[in-house]
Each structure stands twice: as structure tokens, then as C-alpha cells.
Amino acid sequence: MEPKIAVHGGASSLELNEEMQNKVEELAKEGKDLLREGEMSMDVVEYIVNELEDDPRFNAGTEAGIMNDNMEVGAAIGLEGIRYAISVARKIMEESNNTMIGGSHSTKFAQEYGFDKEDLKTDKSVSIWNEVR
């Protein structure tokens with residue numbers, strides 16, 4: 001069976017410009033290639049979402065949810081200063097008795113599992129924050 005994959009640039013991203021569209025298409029192709037090579041789908045999803053989070057043009061970051069083929073769920077919401085929300089969500093799914101952890105509790109959980117707290121502000125995020133507050 002040919003793998004299928006859908007990638008988007010975040011929950012509230014503005015329209016994708018050509019450069020952003022190319023990045024999304026590149027990640028979708030890379031994900032399909034990884035699946036064809038036998039990589040586990042959870043690993044591929046986590047990798048792609050983390051790649052988007054590392055690119056400041058996309059809105060991926062402080063909240064994430066993930067579900068496996070057994071319908072197990074993990075979600076991290078309101079993370080503060082923790083990179084790779086999808087990885088924290090996966091850790092919640094795999095290592096805790098919870099399906100969702102939020103706010104300071106999700107940040108504490110992430111730190112307990114080895115995620116470092118850091119300043120994640122970018123010029124773009126500060127600009128957006130100043131516009132909406």
C-alpha cells in the first residue's frame with residue numbers, strides 16, 4: 001500500500017507563500033519516503049511536526065495532540081518555553097496515565113522527561129503578540 005500523508009503549516013497560519021508551500025511539500029515527500037523505508041508512522045509524524053516547529057514561518061508549537069492506531073491519545077497544552085510540543089504529547093501518551101496535561105503541569109511534565117525550558121520568542125511572535133494585545 002502506498003503511504004498517504006498530509007502536512008499543513010499550523011492551526012492559524014496565514015496563507016502559505018510559495019516558499020512555505022515548498023517546505024510543506026518537501027516534508028510530505030520526506031515523510032512518505034521515510035514510511036516507504038519502514039519508519040514507524042508515529043516517528044514520522046513527530047519528526048515532521050518538529051521540523052515545522054523549528055521553522056518560524058509556521059505556527060507550530062505550544063500545544064499538540066497525537067493519537068496512535070490503538071486510539072491512545074496524548075496532548076500537551078499551554079506549554080511554556082518547551083520546544084517540540086508534539087514530542088511532549090507523545091511522551092504523555094506513552095508514559096503517563098493522562099490523555100492531556102495543561103499549563104504549568106505540562107511544562108513540569110516535559111522538564112521531568114528531559115525537555116529543556118528555553119526562550120522561544122521570535123521577532124515574528126513578539127510582533128504578533130504586540131498586535132493582538
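The following legends describe close-up views of a predicted model.

Local features are given where pLDDT is at least 70, side-chain atom pairs count only at pLDDT 80 or more, and totals for chains, interfaces and linings use all residues. Residues are numbered from 1 along each chain as its sequence is written, and side-chain values use heavy atoms, with hydrogens and water left out.

**View 1. The open sheet contains three strands in the order β1-β2-β3.** Strands here are DSSP runs of E with at least two residues, helices are DSSP runs of H or I with at least four residues, and both are numbered from the N terminus. Two strands count as paired if DSSP finds at least two bridges between them. The pairing in this sheet is mixed. Strands β1 and β3 are the edge strands, each pairing on one side only. From one strand to the next, the twist averages 5°; axes for such angles are lines fitted to C-alpha atoms, for helices over the stretch in contact, and angles run from 0 to 180 degrees between N-to-C directions.

**View 2. Strands β1 and β2 run antiparallel and are joined by four bridges.** Strand β1 covers residues 64–67, and strand β2 covers residues 73–77. Alanine 64 stands opposite alanine 76 in β2, while the bridge partner of methionine 67 in β2 is valine 73. The hairpin of β1 and β2 has five residues between the strands. Methionine 71 is located in the loop between β1 and β2 and has a positive phi of about 65°, although it is not a glycine.

**View 3. Met67, Met71 and Val73 make a nonpolar surface patch of about 290 Å².** Patches are made of residues with over 30% relative accessible area and no salt bridge; like charges are joined within 9 Å, and nonpolar side chains (Val, Leu, Ile, Met, Phe, Trp, Tyr) within 5 Å. Accessible areas come from the Shrake-Rupley method with a 1.4 Å probe, and for residues only the protein chains shown count as cover. A residue is called buried under 20% relative accessible area, exposed over 50%, and partly exposed in between. Methionine 67, which lies in strand β1, is partly exposed, with a relative accessible area of 46%. Methionine 71 is exposed, with a relative accessible area of 60%.

**View 4. Strands β2 and β3 run parallel and are joined by three bridges.** Strand β3 comprises residues 100–102. Isoleucine 77 stands opposite glycine 102 in β3. The chain passes from β2 through helix α3 (residues 85–95) to β3, in a β-α-β crossover that is left-handed. A crossover is right-handed if, with the strands pointing away from the viewer, the path from the first strand over the helix to the second runs clockwise.

**View 5. The loop between β2 and α3 holds tyrosine 84 and arginine 83.** Tyrosine 84 has a positive phi of about 75° although it is not a glycine, and it is partly exposed, with a relative accessible area of 26%. Arginine 83 forms a salt bridge with aspartate 54, the closest N and O atoms being 3.5 Å apart. A salt bridge is a side-chain nitrogen of Lys or Arg within 4 Å of a carboxyl oxygen of Asp or Glu. The pair links distant parts of the chain, 29 residues apart, with aspartate 54 in helix α2 (residues 41–54). Arginine 83 is partly exposed at 25% relative accessibility, and aspartate 54 is partly exposed at 38%.

View 6. Aspartate 33 is partly exposed at 23% relative accessibility, whereas lysine 29 is exposed at 52%.

**View 7. Lysine 108 and glutamate 112 meet in a salt bridge through their side chains.** The N to O distance is 4.0 Å. The two residues are four residues apart in helix α4 (residues 103–112), so about one helical turn lies between lysine 108 and glutamate 112. Both lysine 108 and glutamate 112 are exposed. Elsewhere, salt bridges that share partners join Glu2, Lys29, Lys32, Asp33 and Arg36 into one network. The structure holds twelve salt bridges.

Definitions and conventions
Buried < 20%, exposed > 50% of the residue type's maximum accessible area, 1.4 Å probe, protein only.
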